Amino acid sequence: MVLAAALLAGCAKTPENVKGVDSLHDSRVQGDSQAETANSSQSEAVREKAAFTKTVGEADFEKCVQGSREKILAGGYDNLKIDSDFKVVASAYPSVYQAVVSSDYDKNADDIFGLFLPDKTQGYYPSKKQLHTNEDTGVRSYEYTNGTSTGFVSSDGMVAIVENEYMNKAEYGNTTSVNETRNLIMPVTDDKLSLGESSIDLRDVQRKSAERLSYLIAYAKESSKIECQFGYQPYSVSTVTEQSGEVLAFAHCRTTVDNTPVFDTIPIGDSFLDMPLLQGSFLTFNAKGDIVQMNTAQGLEVKSGEKPKEILTAEYAFETASKALAPHIDHTARFEELVLVPTVSKADKENPHMKMNSGESVTLKPYWVIHFETDWWKEIYAAVDAVTGEVEYVNNRQ
């Protein structure tokens, strides 16, 4: 079984042709910078005609989002194409949250692990429980087995479980060859996803993923210091052909705080250095539609939250990204979404995107993320800080 903590073991540096682009300032630029002078006078005229509203407050947020798609489509951008199915996705006006990585989930380990065992089993066997302590990080993990399944509950909120017959068979990571990735944040138009000679119903994947992960919501609320709503949202499904020849589906689910997803598409390389590794949750399905493996995200304890007076509109964020990236990019925008990006104040250029340890602090900041490519481990996106307008460009295909 390959646990998600090892996902970035082989990450390479971002090539010079990405991080060295002048207008990106090493992939970190201000939305109102002089990069706008690179745009043609014709594009500037079109943008003036569009008369985008720069910011919006909570009272007008929902109405503003509803009209953002049409304004973006009418924008006219030299360097960015827009997909015909382009959508703007935003569920709620965001807050800026201060949080820490959980450090005491092990106190509920028995209850948590018992909830995740497959229905055909009859609970866990306490006599088979073992405690492991990581000497470097201090993370405590309880290992359980009941004869058919083995799993772990860690003090930092991660839960892993695999049916024994899939031990060391259901593997995923940045060296895995992915057959197909289907995004799930918008309505599913094709209900079936091929798994070799069989297929899986994407609606079942969404339902079963949400049901399985819902068990952790109570523990997330219990550990947080403020009243906020936690949840889990299926984001995408990728199919992988394992060495055995069996095709499995990996459902990527994201944690949500007050209905806004926590972004976890980590850059491969040294762009967006402030974003640490806080993995999402992955559930593995076989061709029968059964969940045979699960790895959940680290738990977050939310300490405080404050809503900004205003944030950038989706259309202004899109324009800001276009200006920052022009004239070096020729991408097609698939969709734009409002997310919470985990950030740290002390980025490590030598070891970017390292896994966060128990008790470490993170800030969840609202960003507008414009997705260009969403294939697993080959993602390309621009992230615009919804408060400051700062732009980060990530290209995991380099």
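The structure is a predicted model, in which local features need pLDDT of at least 70 and side-chain atom pairs count only at pLDDT 80 or more, while totals for chains, interfaces and linings use all residues. Residues are numbered from 1 along each chain as its sequence is written, and side-chain values use heavy atoms, with hydrogens and water left out.

**Overall architecture**

- The protein chain has seven helices and 22 strands; these are DSSP runs numbered from the N terminus, with helices (H or I) of at least four residues and strands (E) of at least two.
- Of its 398 residues, 54% count as buried, where buried means under 20% relative accessible area, exposed over 50%, and partly exposed in between (1.4 Å probe, protein chains only).
- The accessible surface of the protein chain is about 17,600 Å², and carbon and sulfur atoms hold 45% of this area; the areas come from the Shrake-Rupley method with a 1.4 Å probe, and for residues only the protein chains shown count as cover.
- Among contacts in the protein chain with a separation of 6 or more, 71% are between residues 24 or more positions apart; a contact means heavy atoms within 4.5 Å.

**Packing of helices α3 and α7**

- Helix α3 (residues 61-73) packs with helix α7 (residues 314-325) at an angle of about 35°, and their axes are 8 Å apart.
- C64, S68, K71 and I72 of α3 make the contact with A314, E315 and F318 of α7.
- These residues divide into four nonpolar, one polar and two charged, where Ala, Val, Leu, Ile, Met, Phe, Trp, Tyr, Cys and Pro count as nonpolar, Asp, Glu, Lys and Arg as charged, and the others, Gly among them, as polar.
- The axes are lines fitted to C-alpha atoms, for helices over the stretch in contact, and the angles run from 0 to 180 degrees between N-to-C directions.

**Salt bridges**

- The count comes to 19 salt bridges, each defined as a side-chain nitrogen of Lys or Arg within 4 Å of a carboxyl oxygen of Asp or Glu.
- R254 forms a salt bridge with E337, with the closest N and O atoms 2.8 Å apart.
- This pair links distant parts of the chain, 83 residues apart, with R254 in strand β13 (residues 247-257) and E337 in strand β19 (residues 331-343).
- R254 is buried at 1% relative accessible area, and E337 is buried at 2%.
- R203 forms a salt bridge with D201, with the closest N and O atoms 3.4 Å apart; R203 is partly exposed at 47% relative accessible area, whereas D201 is buried at 13%.
- Within helix α7, K323 and E319 lie four residues apart, about one turn of the helix, and their side chains meet in a salt bridge of 3.7 Å, N to O.
- Both K323 and E319 are buried.
- Salt bridges that share partners also join D83, R334, E373, D375 and R397 into one network.

**Cysteines**

- The structure holds zero disulfides, a disulfide being a pair of cysteine sulfur atoms within 2.5 Å.
- C64 is buried, with a relative accessible area of 14%, and C253 is buried, with a relative accessible area of 1%.

**Surroundings of S95**

- S95 lies in the loop between β3 (80-89) and β4 (96-101) and is buried, with a relative accessible area of 6%.
- Apart from neighbours within four places in sequence, S95 is in contact with E306, K307, P308, L340, L364 and P366.
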